[in-house]
Amino acid sequence: MLDVKENGVGGRGAQRAAGERSAAVADAGRGSPGPTPELIERPRRRRFTAEYKLRMLQQAEACTEPGEVGSLLRREGLYTSHLSTWRRQRDQGALAALRRSRGRPKRNPIEVENAKLRQRAERAEAELAKAQKVIEVQGKLSALLEAWLEPKSATPAAPAKAPAR
């Protein structure tokens, strides 16, 4: 039996016999410039949109001749498990949920305007309360100064007697 190794890359040619190398890998060992096309630095998971999934399901269900689904899957690079999973998701309503945009929902413009007007009203009320306090303090200060600066009485007061010794 052959000793089988995996080179870390999925797909065709993922398994090789021990000691077997392709020409590109052999050249890379000799110091040729640039990365080798065989080695993928970090494989990425494929992501399919809800629209794509539904379109593929419709195309697969439209196939009537034998082998049409297989050719569709080969052309798109899909597996039958994709179709069965997507059918299950569609039947459970999960694909409809995927169509909604991510993030916070858009706010109603009327609500945004109401929030701005509320903030303006609160700010105006706070300024009004501040102005009322200032007016109140000014009134009290005016009354105090009036009382302090008011002439005592029309008759002069007798001078204070000096204390006896």
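pLDDT is the predictor's confidence in each residue, from 0 to 100. The chain of this predicted model averages a pLDDT of 77, and 65% of the residues score at least 70. Local features need pLDDT of at least 70, side-chain atom pairs count only at pLDDT 80 or more, and totals for chains, interfaces and linings use all residues. Residues are numbered from 1 along each chain as its sequence is written, and side-chain values use heavy atoms, with hydrogens and water left out.

**Exercise 1.** Determine how Phe48 and Tyr52 are paired.

*Solution.* Rings of Phe, Tyr and Trp (its six-membered ring) pair if their centres lie within 6.5 Å; planes under 30 degrees apart count as stacked, over 60 as edge-to-face and the rest as tilted. By this rule there are three aromatic pairs. In one of them, the ring centres of Phe48 and Tyr52 are 5.5 Å apart and the planes lie at 10°, so the pair is stacked.

**Exercise 2.** Classify Phe48 and Tyr52 by relative accessibility.

*Solution.* Buried means under 20% relative accessible area, exposed over 50%, and partly exposed in between (1.4 Å probe, protein chains only). Phe48 has 24% relative accessibility and therefore counts as partly exposed. Tyr52, at 13%, counts as buried.

**Exercise 3.** Describe the pair formed by Tyr52 and Trp86.

*Solution.* The centres are 6.3 Å apart with 80° between the planes, an edge-to-face arrangement. Tyr52 belongs to helix α2 and Trp86 to helix α4 (residues 80–92), so the pair links distant parts of the chain, 34 residues apart; helices are DSSP runs (H or I, at least four residues), numbered from the N terminus. Phe48, Tyr52 and Trp86 form one aromatic cluster.

How values were computed: Helices (H or I, at least four residues) and strands (E, at least two) are DSSP runs, numbered from the N terminus.
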